[in-house]
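Let's take a walk through a few helices together. Keep the structure open beside you as you read.

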Amino acid sequence: MPNVPPPAYCPGCSLPLPSGGPGAVCPRCALPLTGPVPERVREIDAELWRLDARRAELLSRRWELLAGLRAPAPGPAGPPGPVPSASAPPAPPAVPGPPPTAPPTAPPAARNVLLALGGVLLAVAVAAFTLVSWGRLGIGGRAAVLGALTLLASAVPVALLRRGLAATAEAVAALGLVLLLLDAYALHRVALPDTGGPGYAAVAAAVVAALWAGYGSALPRLRGPLPAAVCLAQLPLPLWALSAGGGPYAFSWALLATAAGDAAVALWCAGRGRRPVAVTALAAGCALGAPGLLTAALLALTASGWARSAHAAALLAAAAAVLLYAARRLAGRAGTAAVAVAPAAVAGLAVLVAGGGALRATGVLPEPGWPVLGFVLCAMALAAVPAVVPAVGASVAAGLRSASAAVCAGAALWALPAVAHLVLGPLGWTVRAWDGAPQGARAAVSPGLEWSYGMALPAVLGALAVALAAVGRDPVARVARVPRVWRARAAAGALVPAGATAAVLPVVLDLRYRVAVVLLVALVALLLAVPVGAARAGSSAPGRATGVTARGTALVLAVSVSGWSLAEPAMTVAVSAALAAVFAATAAAARATAVTGPAAAVAAVLWTAALAAAASLALGLPSHGAAFAVLGVAVATAPVAARLRTRPAGLPVECAGYAVAAVAVVLAVAEPAALSLALALCGVAAGGVALRPERRPVAVYAGVALLVLAWWVRLGSWEVTSPEAYTLPVTVPALVVGHLHRIRPDVSSWAAYGPGLATTLVPSLAAAWVDPHWPRPLLLGTAALVLTVLGARLRLKAPLLLGGGTAALVAVHELAPYVVQVAGLLPRWAPPAAAGVLLLAAGATYERRLRDARRLRRAVGRMR
């Protein structure tokens, strides 16, 4: 671009100036043209002129390039922007006009919709012709019409692809597939009408699938033919199995063989970048493989005899082999290693179902219950495969472990109802406590219990415990490539089936009642020793998990054996004492831990309370008598909790004591005198708790409330109906506490004395209004008058207003009968006349009365 300087002009009105140089002022606008400021303005204008010229050149070049991109042949470029001439002043920057646009084209979505609708309409027309108008043509005409249409629909996509019309070619190719299927249908109706429908459909589907696969391979730019061929290839084998009448085994073979072919196609196409075909084959394989596997699994689980069982096992083994091959191929590719876990897990489940079904069908492990043990043993063997065959890979090993874990979880769910019934069944003694010891352990669980599983249940639970313990051991876990986090969980979880095994053995063996109870108590003690040892060994994650599991199992068994002990009094006392001692020893041994110590301490408090109640009831005491023994345990927890307040068990022990005290109060409800004494003892104990500074604010109020409640219960037992007997014991301490709080300047008289005074004045006033005698109104009025005088003398708002209001209401109640009598003696005009005189007097002295009322309000407002 030539660097031509801008012409001389006026900066204000753009008037060109003569070439001889600017004068002093512009002849048009009289703007000064000399000096530093006009010179600086002209320099800025010259720079803007150069920028505008460069921008116009760039815009022209941009339009030329865009025109070359849009048109195959170079066309005329867009109009260039205005370039300032050498004889004109620079104009403001021009806004570029819209660039030339190509002819509008339909968006891809709309185009695809139009093509799809066109293809559907053509397919409907062809189907209508084949079904309706077919009979009007002879055999030659029919063959000629369908053949010509099919060949035309198959050849047109070739020409369309050459012209770049790929979407149109896809639609026409789909029409060709429909015509090909109609050809097969027409051939069956005309030439082969006696051929069986499923068999002919199987052959036709195979032929059409092969033809269409070849067509798609010949035209690789078409995306639809190959997936369509894969979908058609799903039909031949299942239809052939149906036509042959081979039964469920043949049908399962057909489904699994088709799914295996789909897996091979999916793997082959995925390795060559043909994603649509691979996805279609994968979806089709899952759709046919899932029912095939389920059918084979059902056949394996219900087969009778070794022949049928072997046939079903062969089905499952073949499916497992295909799945394992697919898992190995996926695990060897980058980005699909995690996906390989799913087929490996399904393969493992197929192998386990085959092995467990074979053990059941051959009678090695007969019903009931024993086949579950066979599945667990097979799962244990499968979990050891990665250790024996290291070449399986990490993803395949994870899938096999998942299958083994799923089968073990299923076995645990199978055993759960029976274990729950055997462990929690003895709690039914709570509704028939101390009816007499049963002869055997089964009768203790449920009278007339019939046990048909034999030793199968403890055998399954023991196998689960062994499996989990083996997974939790470091040598086995490393060889089997088990993650570290699952080792700790497995080692901790092994305690649950182990404890369940030991708990159900007395019932399964039907041991004597007392022997079974002793064994269960010893099992609880043994389980409680596990978290103590784990806590002393260290605070590692495996140790903590083991401690939590052992403690939970021990608590469940402790509750169960407590139910066992309710059969006779001596056993209840003995078991409660043993459990209390065991939990107390555990709490003392694990006092430094934050989990085991508090839980064991709380359990020790609860079973000690149960021991106190059981011993009292066994000695013949009534329930309200046993309440004081239980209350003694609750009171004893207060100093223990105070001593343990700096340890984790301090607060849980204190809360357990409060819960035991509540139980003691409930036991004493039947006898009012005992209830009153129990509440009073609780209040005294709360006073002892108030010696702790951090508990004092709440404990003081709780102790006072309990003592007042005890007094009320005692008065109710004496049939005292006077409200003052109930309210004065509350009012006096409330006033004392309020007076002590009055030393703070921010405490008003309402907060200090209002609650205490209202507690007595309101119930007494209500009683006085319904009392026909004179002593209560006289005493209440005197007390209210005294409160009013004290409030006025001490400038306290609450006593003044409460006392004055009470005195006024008492006076109204007492004078009302006499006022009524006097009003009855007066003539009828007297009341209106008296009201008029009062109104006149009030109106005459209104301003003064108003000032007096304001003065009174200010005086009362200044009171505290």
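## A serine in helix α14

Please keep in mind that this is a predicted model. We start with Ser404, which lies in helix α14, spanning residues 394–424. Is Ser404 buried or exposed? Its relative accessible area is 4%, and because buried means under 20%, Ser404 counts as buried.

Which residues does Ser404 touch, once its neighbours within four places in sequence are set aside? The contacts are Leu352, Ala379, Leu382 and Ala383.

## Where α27 meets α28

Next, look at helix α27 (residues 696–717) and helix α28 (residues 723–741), whose axes come within 8 Å and cross at roughly 160°. Angles over 145 degrees count as roughly antiparallel, so α27 is roughly antiparallel to α28. The crossing of these two helices is right-handed.

On the α27 side, the contact involves Tyr701, Val708, Trp711, Trp712, Leu715 and Gly716. They meet Ala725, Tyr726, Pro729, Val730 and His741 of α28. By type, the residues of this contact are nine nonpolar and two polar, with no charged ones.

## Where α6 meets α9

Now find helix α6 (residues 225–232) and helix α9 (residues 275–302): their axes cross at roughly 15° and come within 9 Å. Angles under 35 degrees count as roughly parallel, which means α6 is roughly parallel to α9. α6 passes α9 in a right-handed crossing.

Leu226, Pro227, Val230 and Cys231 are the contributors from α6, while α9 brings Pro276, Val277, Thr280 and Ala281.

Terms used:
Residues are numbered from 1 along each chain as its sequence is written. This is a predicted model: local features need pLDDT of at least 70, side-chain atom pairs count only at pLDDT 80 or more; totals for chains, interfaces and linings use all residues. Side-chain values use heavy atoms; hydrogens and water are left out. Helices (H or I, at least four residues) and strands (E, at least two) are DSSP runs, numbered from the N terminus. Buried means under 20% relative accessible area, exposed over 50%, partly exposed in between (1.4 Å probe, protein chains only). Contact means heavy atoms within 4.5 Å. Axes are lines fitted to C-alpha atoms, for helices over the stretch in contact, and angles run from 0 to 180 degrees between N-to-C directions. Angles under 35 degrees count as roughly parallel, over 145 as roughly antiparallel, 65 to 115 as roughly perpendicular and the rest as oblique. A crossing is left-handed if the near helix is turned anticlockwise from the far one by less than a right angle, and right-handed if clockwise. Ala, Val, Leu, Ile, Met, Phe, Trp, Tyr, Cys and Pro count as nonpolar, Asp, Glu, Lys and Arg as charged, and the others, Gly among them, as polar.
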